[in-house]
Amino acid sequence: MIEVKDIHKKFGQNKVLEGIDLTIDTKGIFAVLGPNGSGKTTLIKSILGMVIPDKGSIHLDGKAIQGEWNYRNNIDYLPQIANFPGNLSVQELINMIKDLRSNKNADDQRLIELFRLEPFLNKKLSNLSGGTKQKVNLVLTFMFDSQLIILDEPTTGLDPIAHIRLKQLINEEKAKGKTILITSHIMSFVEEISDQIVFILEGKIYFKGTIPELKSKTNESDFEHAIASILTASYA
Amino acid sequence: MLKILKYSFYDLIRSRWSYVYFLFYLLMGFVLLFLNNDLSKAVITLMNIIIVLVPLIGTIFGIMYYYNSKEFTELLLAQPIKRSSIFMGQYLGVALSLSMSLVIGLGIPFFVYGINTSVAIWDFGLLLVSGSMLTLIFTSLAFVIALKNENKIKGFGYAILLWLFMAVIYDGLFLMSLMFFEDYPLDKFSLIATLLNPVDLSRVLILLKLDISALLGYTGAVFQQFFGTRLGFFLSLFMLTVWFIVPTFIMQRIAMKKDF
């Protein structure tokens, strides 16, 4: 489904990705992990065509994505920072994104109820709190029924109830047989929901496999410590 | 692209600043007409204000809009839309809403005064056209600057410098070089120098139309002498169009290669 081949990217002098090879052809939840600045978001944005790699190729469902834009109809993406045009109301923004997608049958009503957003529908986006904006962001992401879902730090700013609802939502989508890519720094969240881990270190894929495999590789019984041991090894 | 344009435009015409800008022109139009009591004079006064103010507002609004909607642009970039459509849509959204404030804001007082029955209507129309052209030009220049500079402060700085250079410094340098090289024939130099600055260009354009030789200044006079009123008029109009197309093209080129 996703085939990333030898992606290189540098920003100025800073080499972020140095030959990423990643093939994801199964369904399920993939957690993209790595220390700050390891290139998680850059990788995700390369798949979305927002960052243009210096070298390498990306294929989705067998088609090269370079210079294309139609393929984004089949991706639901949750950006890291939720910031919207301040003069629009929540409802207008939702309608607008629906209008921009060719896949019109969106499931926004259920999600609005799920995140209790009804009281905010007619409020301007500039007056919403960070957490509420993130909920709007989640509605915009999950209201379409695409085979590939990419979530960049989905838990930022959410209260505990919204957090639980998000996990339910992710599991529902997984049950529908979708592929979901998630980046997060909250290890308990990652451990709870993800099927496979993709660990990026120094611009390369350091590890790809399940959590038990990671634990046995690092000789740690605890997931958080397993991750930490990779990091301390790399820092040393 | 039209969808993006629609939403940017809709977003902008509801912003407070669009109204401030609109009300400013409305007020200025009324005040000038009542103080002057003469349509042609009011058009000339307006011209002097517009050719300085419109570029300033176009650059500032363009750069502000780009930086303020950066995250939103990222959201759009993840949607199935062509990159070029996003930036063209946003750019035209800003430029058209600014032009609308100008045209309607000045249109109302002049119509109330009765411009539609006066011969000055074409002069006034040209004033609005060149004002809109300047908006398009300077907004696209602002977008180019904003796309090139991630740092807002730098972006703002360059934008203000651009305006200052085009609206103020350029003329100063021009005059100084005329004085400095007064022993040489300067017709061609001054012609080219005028063509290279959209602010001067629109001034010449309007003055050629108004046919007031006293106000033409050196460049205007050379322009008139060299091309005649008619050819000069169309040439300056053509150059203004070039001034709008080239930065828009550059803007697209940068946007296609940029990482977000």
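Me: At what angle do helix 2 and helix 4 of chain A pack?
Reply: In this predicted model, local features need pLDDT of at least 70, side-chain atom pairs count only at pLDDT 80 or more, and totals for chains, interfaces and linings use all residues. Helix 2 (residues 90-100) and helix 4 (residues 130-142) of chain A have their axes 10 Å apart, an axis being a line fitted to C-alpha atoms, for helices over the stretch in contact, with angles from 0 to 180 degrees between N-to-C directions. Angles under 35 degrees count as roughly parallel, and the two helices are therefore roughly parallel to each other. The packing angle is about 25°.

Me: Which residues of helix 4 of chain A make the contact with helix 2 of chain A?
Reply: Contact means heavy atoms within 4.5 Å. From helix 2 of chain A, the contact is made by Val90(A), Leu93(A), Ile94(A) and Ile97(A). The residues of this contact divide into 7 nonpolar, no polar and no charged. On helix 4 of chain A, they are Val136(A), Val139(A) and Leu140(A).

Me: What is the order of the strands in the open sheet of chain A?
Reply: The sheet has 6 strands with mixed pairing, where two strands pair if DSSP finds at least two bridges between them. Strand 6 (75-78) and strand 10 of chain A each have a single partner strand, so one side of each is left without a neighbour in the sheet. Strands here are DSSP runs of E of at least two residues, and helices are runs of H or I of at least four, numbered from the N terminus. The order is 6-7-8-3-9-10.

Me: Which residue of strand 10 of chain A is the bridge partner of Ile197(A)?
Reply: Strands of a sheet pair through backbone hydrogen bonds, either parallel or antiparallel. Strand 9 and strand 10 of chain A pair in the antiparallel sense over 5 bridges. The partner of Ile197(A) is Gly209(A).

Me: Is Glu202(A) buried or exposed?
Reply: Residues are numbered from 1 along each chain as its sequence is written. Glu202(A) lies in the loop between strand 9 (196-201) and strand 10 (204-209) of chain A, and has a positive phi of about 50° although it is not a glycine. Buried means under 20% relative accessible area, exposed over 50% and partly exposed in between, with a 1.4 Å probe and protein chains only. At a relative accessible area of 59%, Glu202(A) is exposed.

Me: What is the relative accessible area of Asn219(A)?
Reply: Asn219(A) is in the loop between helix 7 (211-218) and helix 8 (223-235) of chain A. Its phi is positive, near 60°. Asn219(A) is exposed, with a relative accessible area of 70%.

Terms used
Chains are lettered from A and ligands numbered from 1 in the order in which they are written. Side-chain values use heavy atoms; hydrogens and water are left out. Angles under 35 degrees count as roughly parallel, over 145 as roughly antiparallel, 65 to 115 as roughly perpendicular and the rest as oblique. Ala, Val, Leu, Ile, Met, Phe, Trp, Tyr, Cys and Pro count as nonpolar, Asp, Glu, Lys and Arg as charged, and the others, Gly among them, as polar.
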